[in-house]
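Please look over the sequence and the structure shown below before reading on.

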Amino acid sequence: MVVKRSKKHIGNLIWIIIILLLLFTPVGFHARVLAGRIFAFEADILGIEDRKTLDTYQWRLVDLEQRAFDFDTLQNKVVVVNFWATWCPPCVAEMPSFVSLYEDYQDKVAFLFVAKDDTKKVTSFLGKRGYDLPVYFEISQTPEMLESKSIPTTFIIGKSGTINVAEKGAANWNANTTRNLLDTLLSE
């Protein structure tokens, strides 16, 4: 028995294959990263009434070389904390904008790129892309005010400990809005 396939059935089959490719292959990962870069918007700055002050700086991390780092050394500084992973398309999508921001503000603002990933994968990811960023891994519990169930999540904290940005999802971190906020926080 020969089954005759209509154009509609062939079209549906092609769409199913495309969807499977996008969901389950590296092609799909890269397509989601590209879409994240194209559709990334500026981060939202919290309104004054929505800002909270960080209640603790007790948080221990280690860097890529396994050197200990205490978050409490950043009190009275402007801090950008980004939670990310190499397997997360929105995280990878926003990374180039972070690299540009970091290159311009690294001497003025403390950046912590906190990886929720394997050290070897992170090192490989950074090396392949030529990114030189201060990456850390948690060795103690995250302060409750910085906890999030999703990644990427980014916080911008002022010198007084005020959380000015609490952005979930990818954003364009190299936007004027972010730069203006950092400049304002640095001048306080």
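Which handedness does the β-α-β unit made by β5, helix α4 and β6 have? In this predicted model, strand β5, helix α4 (residues 119–129) and strand β6 make a β-α-β unit that is right-handed.

**The sheet as a whole**
- Eight strands form an open sheet with mixed pairing, and their order is β1-β8-β7-β4-β5-β6-β2-β3.
- Because β1 (52–53) and β3 (68–70) stand at the edges with a single partner strand each, one side of each is left without a neighbour in the sheet.
- As a general point, strands of a sheet pair through backbone hydrogen bonds, and this pairing can be either parallel or antiparallel.

**Parallel pairs**
- Strand β4 (residues 79–84) pairs with β5 in the parallel sense, and six bridges link the two strands.
- Within this pairing, F83 has V114 in β5 as its bridge partner.
- Strand β5 (residues 110–115) also runs parallel to β6, to which two bridges join it, and here V114 stands opposite Y136 in β6.

**An antiparallel pair**
- Strand β2 (residues 60–63) pairs with strand β6 (residues 135–138) in the antiparallel sense, over three bridges.
- Residue L61 stands opposite E138 in β6.

- Helix α5 (residues 176–187) lies across β4, β7 and β8 (162–168), and it runs at about 35° to β7.

Note on methods. Residues numbered from 1 in each chain as written. Predicted model: local features only at pLDDT ≥ 70, side-chain atom pairs only at ≥ 80, totals over all residues. Heavy atoms only, no water. Pairing = 2+ DSSP bridges. Helix = DSSP H or I, 4+ residues; strand = E, 2+ residues; numbered from the N terminus. Right-handed = clockwise from strand over helix to strand, strands pointing away. Contact = heavy atoms within 4.5 Å. Axes fitted to C-alpha atoms, helices over the stretch in contact; angles between N-to-C directions.
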